[in-house]
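Visitor: Could you walk me through this one? I'd like to go from ring contacts to helix packing and then on to the loops.

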Amino acid sequence: MATTALVDPDTGLTQAQLAARHGLRVAGERPSVVEYSRRLWAYRHFIAAYANAKLVASYSNARLGQLWQVLTPLTNAAVYYLIFGVVLAQKDMPNYIAYLTTGLFIFNFTQSAVLTGTQAISSNLGLIRALHFPRASLPLSTTLTQFQQLLASMVVLIGIVLVTGEPLTWEWLLLVPALLLQAVFNAGVVLTVARLGSKSTDLKQVMPFILRTWMYGSGVLYSVSLFERLPSWATTLVQYNPILVYIELARYTLMEEAPLLNESLTQLWLVGGGWALLAGLGGFLYFWRGEQEYGRG
């Protein structure tokens with residue numbers, strides 16, 4: 001009786017063809033932007049829980065605990081007021097205390113997010129190598145942690161603004177969308193520096209100098225009217241500085257007579273929204289393109 005030889009259907013196929021035939025995919029393969037966004041949304045509870053855990057842990061060894069969320073920016077404001085408000089008296093500026101603290105609290109939100117975001121990947125390599133999840137969860141949780149700290153700072157800021165004589169108006173409600181735009185901008189920047197920091201560990205050493213320069217170029221400590229002495233092209237460049245824009249949006253809503261470099265509120269909202277869209281979307285795409293690199297090497 002003749003026997004029929006069994007033919008292996010996989011005979012002659014390349015490794016790529018075998019993988020496609022059996023539904024196998026490369027480990028750590030970068031998903032599409034849409035699929036990556038869907039996975040990131042599915043991990044939203046992890047992002048929130050991780051952000052809360054980082055916030056609590058950051059003050060766990062301090063006797064005053066999370067009270068430092070308020071004391072740190074308040075202490076910084078007191079030091080800068082002593083130097084710029086008393087020693088280098090800002091006599092021509094109404095309500096310099098409110099002007100200074102608004103600038104400091106808004107700038108500190110971006111500064112803290114960027115500094116911690118630089119190490120969002122490099123300081124979590126153990127977690128990245130042990131678990132499979134969208135890596136963008138880490139820099140986004142960093143931004144959320146700093147946003148929670150900002151909310152505590154805003155309580156103090158509002159108290160300072162009221163005590164120093166600013167009236168409570170309906171315009172204060174505009175502070176909410178202004179902070180949300182800044183949060184989106186921060187998230188994009190944090191995603192960008194997180195990927196850069198995963199490639200170069202020296203970035204965390206350079207970033208404080210970059211941020212310090214950014215602070216002095218954002219009118220945080222002194223009147224923005226000083227920028228009008230610059231050449232016209234430089235003044236225009238400063239006007240589109242994103243941190244200056246978000247600071248001026250906050251000062252515009254909270255103060256009646258704050259000196260502003262951008263006199264048009266419409267322009268401030270358009271530029272602030274534009275920076276949030278550009279940084280948020282650009283940072284997300286830039287980080288997504290490196291998804292398969294994180295935790296390797």
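Visitor: Which charged end sits over the ring of Y99?
Guide: The charged end of R251 does, 3.4 Å from the centre of that ring; a charge sits over a ring if NZ of Lys or CZ of Arg is within 6 Å of the ring centre and within 35 degrees of the ring normal. Please keep in mind that this is a predicted model, in which local features need pLDDT of at least 70 and side-chain atom pairs count only at pLDDT 80 or more, while totals for chains, interfaces and linings use all residues. Residues are numbered from 1 along each chain as its sequence is written, and side-chain values use heavy atoms, with hydrogens and water left out.

Visitor: And what lies over the face of F133?
Guide: That is R135, at 4.8 Å from the ring centre.

Visitor: How many aromatic pairs does the structure hold?
Guide: There are 11 aromatic pairs, where rings of Phe, Tyr and Trp (its six-membered ring) pair if their centres lie within 6.5 Å, and planes under 30 degrees apart count as stacked, over 60 as edge-to-face and the rest as tilted. In one of them, F46 and F133, the ring centres are 5.6 Å apart and the planes stand at 55 degrees, so this pair is tilted. The pair links distant parts of the chain, since F46 belongs to helix α3 (residues 44–58) and F133 to the loop between α6 (125–130) and α7 (137–163), 87 residues apart; helices (H or I, at least four residues) and strands (E, at least two) are DSSP runs, numbered from the N terminus.

Visitor: Is F46 buried or exposed, or something in between?
Guide: F46 is partly exposed, with a relative accessible area of 29%, whereas F133 is buried at 4%. Buried here means under 20% relative accessible area, exposed over 50%, and partly exposed in between (1.4 Å probe, protein chains only).

Visitor: Which residues do ring pairs link into a cluster?
Guide: The cluster consists of Y43, F46, Y50 and F133, linked by ring pairs. Elsewhere, F185 and Y246 form a tilted aromatic pair, 5.7 Å centre to centre with 50 degrees between the planes. This pair also links distant parts of the chain, with F185 in helix α8 (residues 175–199) and Y246 in helix α11 (residues 242–254), 61 residues apart. F185 is buried, with a relative accessible area of 3%, and Y246 is buried as well, at 2%.

Visitor: Switching to the fold, how many helices and strands are there?
Guide: The protein has 12 helices and zero strands. Buried residues make up 43% of its 297 residues.

Visitor: How do the axes of α7 and α8 cross?
Guide: Two packed helices are described by the angle between their axes and the distance between the axes. The axes of α7 and α8 come within 9 Å and cross at roughly 145 degrees, the axes being lines fitted to C-alpha atoms, for helices over the stretch in contact, with angles running from 0 to 180 degrees between N-to-C directions.

Visitor: What kinds of residues make up the contact of α7 with α8?
Guide: They divide into 13 nonpolar, two polar and no charged, where Ala, Val, Leu, Ile, Met, Phe, Trp, Tyr, Cys and Pro count as nonpolar, Asp, Glu, Lys and Arg as charged, and the others, Gly among them, as polar. One of the α7 residues in this contact is T143, which is buried at 5% relative accessibility.

Visitor: What does T143 touch?
Guide: Leaving out residues up to four places away in sequence, T143 touches F109, A183, N186, A187 and V190, with contact meaning heavy atoms within 4.5 Å.

Visitor: Now the loops: where does E256 lie?
Guide: E256 lies in the loop between α11 and α12 (265–289), and E256 is exposed, with a relative accessible area of 59%. Not counting residues up to four places away in sequence, E256 touches E166 and P167; between E256 and P167 there are 8.0 Å in space, C-alpha to C-alpha, although they are 89 residues apart in sequence.

Visitor: And R289, which residues does it touch?
Guide: With residues up to four places away in sequence not counted, R289 touches R30 and R195. R289 lies in helix α12 and counts as partly exposed, at 48% relative accessibility.
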